[in-house]
Amino acid sequence: MLADDAYMRQALACAELARERGEVPVGALIVDPSGLVIGRGGNAPITGCDPTAHAEIAALRDACQRLNNYRLGGCTLYATLEPCVMCAGAIVHARIARLVFGARDLRFGGVRSKFQLADSELLNHRVEVVEGVLGAECQRLLQAFFADRR
């Protein structure tokens with residue numbers, strides 16, 4: 001979908017900002033049902049000395065503060081990398097309607113690669129999951145980052 005590509009490009013810009021800070025380049029964006037961006041985030045566990053400072057958590061916090069509500073029903077979260085189990089749990093708790101991610105995380109993926117938390121029938125909320133949007137670009141950014149660090 002064309003809109004998904006445009007929003008994922010904005011999430012990639014958030015990932016690039018994280019990379020510039022020396023963080024693993026992961027970015028996230030939250031869009032409300034009208035198409036308005038209400039939350040942005042980039043990875044910051046190193047600079048924030050906070051293991052929970054993932055891009056998705058930052059975007060959720062930003063959106064929730066903006067709406068003054070811990071529920072984000074009807075919203076879509078865009079992430080450049082498949083969310084981990086912690087982030088997938090937060091996405092479910094926030095009642096995000098739709099998750100769109102770029103690259104799979106084969107080591108820690110909590111949505112498709114290792115677990116299927118976001119749309120598990122065991123939970124009281126399921127998230128529609130779309131994967132692979134600009135996946136090659138998201139993957140390249142991560143690969144370049146780790147190649148530079150070696």
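## A salt bridge to start with

Arginine 98 and aspartate 4 join their side chains in a salt bridge, 2.7 Å from N to O. (A salt bridge here is a side-chain nitrogen of Lys or Arg within 4 Å of a carboxyl oxygen of Asp or Glu.) The two partners sit 94 residues apart, arginine 98 in strand 4 (residues 98-103) and aspartate 4 in helix 1. Both are buried, meaning under 20% relative accessible area, with exposed being over 50% and partly exposed in between (1.4 Å probe, protein chains only).

This is a predicted model, where local features need pLDDT of at least 70, side-chain atom pairs count only at pLDDT 80 or more, and totals for chains, interfaces and linings use all residues. Residues are numbered from 1 along each chain as its sequence is written, and side-chain values use heavy atoms, leaving out hydrogens and water.

Glutamate 128 is in strand 5 (residues 128-131) and is partly exposed at 46%. Shared partners join Asp4, Arg98 and Glu128 into one network.

Elsewhere, glutamate 131 pairs with arginine 104, their closest N and O atoms 2.8 Å apart. The structure holds seven salt bridges.

## Two helices side by side

Helix 1 (residues 2-20) and helix 5 (residues 135-149) pack at about 5°, with axes 11 Å apart. They are therefore roughly parallel (angles under 35 degrees; over 145 is roughly antiparallel, 65 to 115 roughly perpendicular and the rest oblique).

Methods. Axes are lines fitted to C-alpha atoms, for helices over the stretch in contact, and angles run from 0 to 180 degrees between N-to-C directions. Helices (H or I, at least four residues) and strands (E, at least two) are DSSP runs, numbered from the N terminus.
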